[in-house]
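Subject: Structure handover and notes

Dear colleague,

Please find the structure below, together with my notes on what was found in it. I would be grateful if you read them side by side with the model.

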Amino acid sequence: MADPCLDLRAVTMRYGEGPDAVAALASIDLAIDDHEFVTIVGPSGCGKSTLLYLVGGFLRPTSGRIELRGRPVTGPGPDRGIVFQRYSLFPWLTVRGNIAYGLEEKGVPRAERDRIVEEHLRLVHLEGFENRYPRELSGGMQQRVALAQTLACQPDILLMDEPFGALDAQTRRILQDEVRRIWRRDTKTVLFVTHDVEEAVALGTCIVVMSARPGRIKEVIARDFDVADVDEFEANPAFAALRLRIWRSVKQEVEAARP
Amino acid sequence: MSSRARSYWAGALARLLPLALVLAAWQAASMSGLLPKAVLPSFGEVAASLGAMLRSGEIVPHTLASFARAGAGFGVAVAGGIVLGILMAQVRFVERAVEPVLLLIYPVPKPALIPLFMIWLGIGDFSKVTVIALACLVPVVIATFNGARGVDEMLLWSARARGTSERRILWRVVLPAALPQIAAGVRTAIAVAIIVLVSSEFISAETGLGYLIFSYGGVGADDAMLAVVIYLAALGYLLDRLYLAGLRRLMAWHAFAH
Amino acid sequence: MPSLTEHPRLVAALTRVVPVTLILLAWEGVTRAGWVNPFVFPPVSEIAMRWLALLIDGTLCFPLWETLWRALAGLGAAIAVGVPLGLLMGRVRWAEWFFEPLFSFGFPLPKIALIPLYVHWFGLFSLSKVMLIFTDCLFPMVIFTYHGARGLSQIYLWSAQSRGTGRVRMLWRVVLPLSLASIYDGVQVAVVVAVLVAVVSEMVSGGSGLGQMMIRAYRHGDVRTAFATLLTISLIGYALYKAAQWLRGRLLFWHVAES
C-alpha cells in the first residue's frame, strides 16, 4: 500500500499553560490517502477547526507529528490550500488579482499566470466577474473565488474550514455540487470540516466523527456508494441510513458536552 | 451624462439648497435693515470684498504662506506617523516604548504648545511647523497602529498559505489591509492641521490667512474678515473633498461610509 | 530572585514605565549637566516644583476655574441644544433636509477662525468664549446624535408603535435611549474640542484663564510657568475625557439632556 498523503500521529493540542490550559485535541491519529475526500464532523467546540489549522501549519501541536507526503509540517505553505468560512479573499484585490495572488508569490510568469487565472475563472463559473472587488460579490460568489484562488496554487491537499457555513441553504447546495465536480475532475485530496451532518455525508467519501472536547476521533466511516449529484441522495435509502447513523453518533457527543 | 451622474448632481444641488436659503435670509435681513451693518455686513458686501481680494491678488501670498506651514507640518507627520504606527504594530518593544509617550501628549490641546515652542524655536515658521507636525502625528500614528494591529488574522493566514514570506506580508497584506484606517487618520490630520495653523497665526504671524482674519478683525473691517473666513472654509472643504475623491479612486475596493 | 521572563506582567509594566522614566531622567541629566540653556529648557524637577508652588499659592486656581467653567458651560449648552436637534433631524424628514447639509458642511470647518467675529459680537470676556465653545461643540453633538437616531433599527420603532407610543413620545422613549451610545461618542469628541477652544480663545483674546496665563508666561520668557500651565491644561483635558468615559452607561448624562 502506498504511503498516505497526510499522516497525523498522536497529535495533541492544548491552549494556554498551567492550570488554565484547555485541552482542545487529545491524541489524534489519522492517515488520509491520496484522492480521498475526508469530511470531519463533530459538536461545536470539539476542535475540528483546530485540527485543520494544525494541518495548515498556522498552529503548532503541543505534541505529536503531522506529515504531508512524508515531510513534517512546520508552517503554512502553498502545498496546502485553505478556504476559510470568511476572510480568505483580500478585499483590495480584484477577483483576478485574488486568483493570481498565489501564482505571483510563486513567481509564475505573467502569460502563464493569465492562462491559469482564466482556466480557474471558468472552473468556478465566474467569467465576466474578473474585475470585480470582493465586496461587490455575494457570499456564494466570494467562496467560489476563494476556491479558485486556492486551486490555482495547485496544492497537494485542499483544506476547507466550514466554507459554506455562512451561506444560505440554496447556495450551499449548489456549491456542494461544484466542489464534488472539481474533486472528481482533479481527484484532489480534500480535508473538509463541517458541523452539518448532511453535508459531511454528501461530500465525504470518508467521514470522521469527532468526540466532544477534548476532541478525539470517535469513528471513521467510509461511504461506499455514490451518485452523480447531491440531489440524488435525497431519495437514496442508504444515504438516509448513513446520515441518521452519523447524526446519532454526533448527537451523543453534543449531549455529552452539555453540563 | 449618464442617469447615475445626473442623479448625483441633482442630489448635490438639493443639498446646497438649505445653504442657499440661509445665505438668502442673511442678505434679506441685511437689506431690510433688520440686521445692522455694525453687527454683520450683508452677504453681498462680504462676497464683494472676497472678489476684490481675489482680483487684486492680495490674498495669494497669505494663502501660500499658510499652505507652506500646514503642508510642511502635515507632510512630516503623515510620513513619520505611518512609519511609527507600523513599527509599533510590528515590534512589541516599540509599542511599549511609544505608547506611554503617546498617552502623555494625547490629552494636550496641541495649540497650547505654541507658546512653548515659540520660546524654544523662535516666533518664525519653524515653531509653527513643528507644532502642526506634532498635532497631526497623533491621529496618524494611532490610526496606523490600530489598522496594522487589527488586520484579521485569517487574512495573514491566507497569505501565508499562499506562500507569502513573513517579510513580504508587511507590503502584501498588512499595509493594504490597514490603508482604510490610515486614510481616516490622515483625514483627521488635515482638519487638525488647519485648526493649529489658524491658532498659531492668530497668536503670532505677519503673513497667512489666520493673520489676515485677525488683523481685519482688529481694525473692524468685518466684511473683509468674513471674506477670508469663508475663503479659508472653502479651501478646507475643497481639500477634504479632493482627498476623499482621491481615496475613492485609489481604494475602489473599499466600501466608504459616505 | 525570579527571572523576568517568568513574569510577563512585570515585564509589561516595566516596559511601560521605563521609557517615560528614562526620558524624564535624561531630561533632568542633560539640563543639570548644563548642556542646554536652563533658561530655555529647565530641569523637569524645577518644572514640577513650580507647578506645585503655583498650585499651593493659588496662582493656578483662578485661571483653572475660568477655563474649566467656560469649557463646561459651552459643552453643556451644546449638549442641551445638539441632542434634541440631532434627534429631530434623525426622525423628521424636513428637519433632516434642512439641517443635515448645513451641519455636515460646517463640521470640518475651523470654527476657531470665528474668534474675532465672536469678540465683536459678544465682547472680550467670557461670553464670547463660551459662545464659541458652544458653536464648535454643537457640530459633533448634532452629527453624532443624528447618526445614532437615523441608524437605529426600524423594528424597535414598529414594536413601540404597536404598543401605542405616539410620534413625539417616540423621540424620548425610544429614539433617545437607542441613540445614547452614539451621543456618548459625540460627547467624547466635544469634550476635547471644548478644552481646545477654551484655551485657544484665551490665548488669542485674553480674559484670564489658563490660555492667557500661558501667553503671559511666554511674553515674560518664563518657561517654568509655561510648562506648569501646559501640564494643568493637559490634566484638565485628560480628566474631562476620562470623566466623559466614566459617564458612559450612567444616567447622569440622560438628566442633563432631558432638562
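Leaving out its neighbours within four places in sequence, Asp136(C) is in contact with Lys111(C), Ile112(C), Val193(C) and Val197(C), where contact means heavy atoms within 4.5 Å. Asp136(C) lies in helix H6 of chain C, which covers residues 126–151, and with a relative accessible area of 11% this residue is buried. Here buried stands for under 20% relative accessible area, exposed for over 50%, and partly exposed for what lies in between, computed with a 1.4 Å probe and protein chains only.

Before going further, please keep in mind that this is a predicted model, in which local features need pLDDT of at least 70 and side-chain atom pairs count only at pLDDT 80 or more, while totals for chains, interfaces and linings use all residues. Residues are numbered from 1 along each chain as its sequence is written, chains are lettered from A and ligands numbered from 1 in the order in which they are written, and side-chain values use heavy atoms, with hydrogens and water left out.

Chain C as a whole has 11 helices and 0 strands, helices (H or I, at least four residues) and strands (E, at least two) being DSSP runs numbered from the N terminus. The radius of gyration of chain C is 23 Å, well over the 18 Å that the globule rule gives for 259 residues, so chain C is more spread out than a compact globule; the radius is taken over C-alpha atoms, and the rule is 2.2 Å times the number of residues to the power 0.38. Along its principal axes the C-alpha trace of chain C spans about 75 × 60 × 30 Å, and 48% of its 259 residues count as buried. Chain C exposes about 13,000 Å², of which carbon and sulfur atoms supply 70%, with accessible areas taken from the Shrake-Rupley method with a 1.4 Å probe and, for residues, only the protein chains shown counting as cover. There are 20 positive and 12 negative side chains in chain C, and the centres of the two sets lie 9 Å apart; Lys and Arg count as positive and Asp and Glu as negative, whereas His and the chain ends are not counted, and each charge is placed at NZ of Lys, CZ of Arg, CG of Asp or CD of Glu.

Chain B comes to 10 helices and 0 strands, and its C-alpha trace spans about 75 × 60 × 30 Å along the principal axes. The mean positions of the 20 positive and 13 negative charges of chain B are 13 Å apart.

Chain A, by contrast, holds 7 helices and 10 strands. Its radius of gyration is 18 Å, close to the 18 Å from the globule rule for 259 residues, so chain A is as compact as a globular protein of that length. The C-alpha trace of chain A spans about 55 × 50 × 40 Å along its principal axes, and 54% of the 259 residues are buried.

Some backbone details in chain A deserve a look. A cis peptide bond, with omega about -5 degrees, joins Arg213(A) and Pro214(A), and Pro214(A) sits in the loop between strand E9 (206–210) and strand E10 (217–222). Ala10(A), although not a glycine, has a positive phi of about 50 degrees; this residue belongs to strand E1 (residues 6–15) and is partly exposed at 37% relative accessibility. Ser27(A), also not a glycine, has a positive phi of about 45 degrees, lies in strand E2 (residues 22–32) and is partly exposed at 41%.

As to how the chains meet, chains B and C share the most contacts of the 2 pairs of chains in contact. Between chains B and A, 20 residues of chain B touch 26 residues of chain A, and the area buried there is about 2,100 Å², with 63% from carbon and sulfur atoms; buried area is the accessible area (1.4 Å probe) that two parts lose on being put together, summed over both. On the chain B side, Trp157(B), Arg162(B) and Trp253(B) lose the most area to chain A, together 37% of what that side buries. No contact joins chain A and chain C, and their closest C-alpha atoms lie 12 Å apart.

With best wishes
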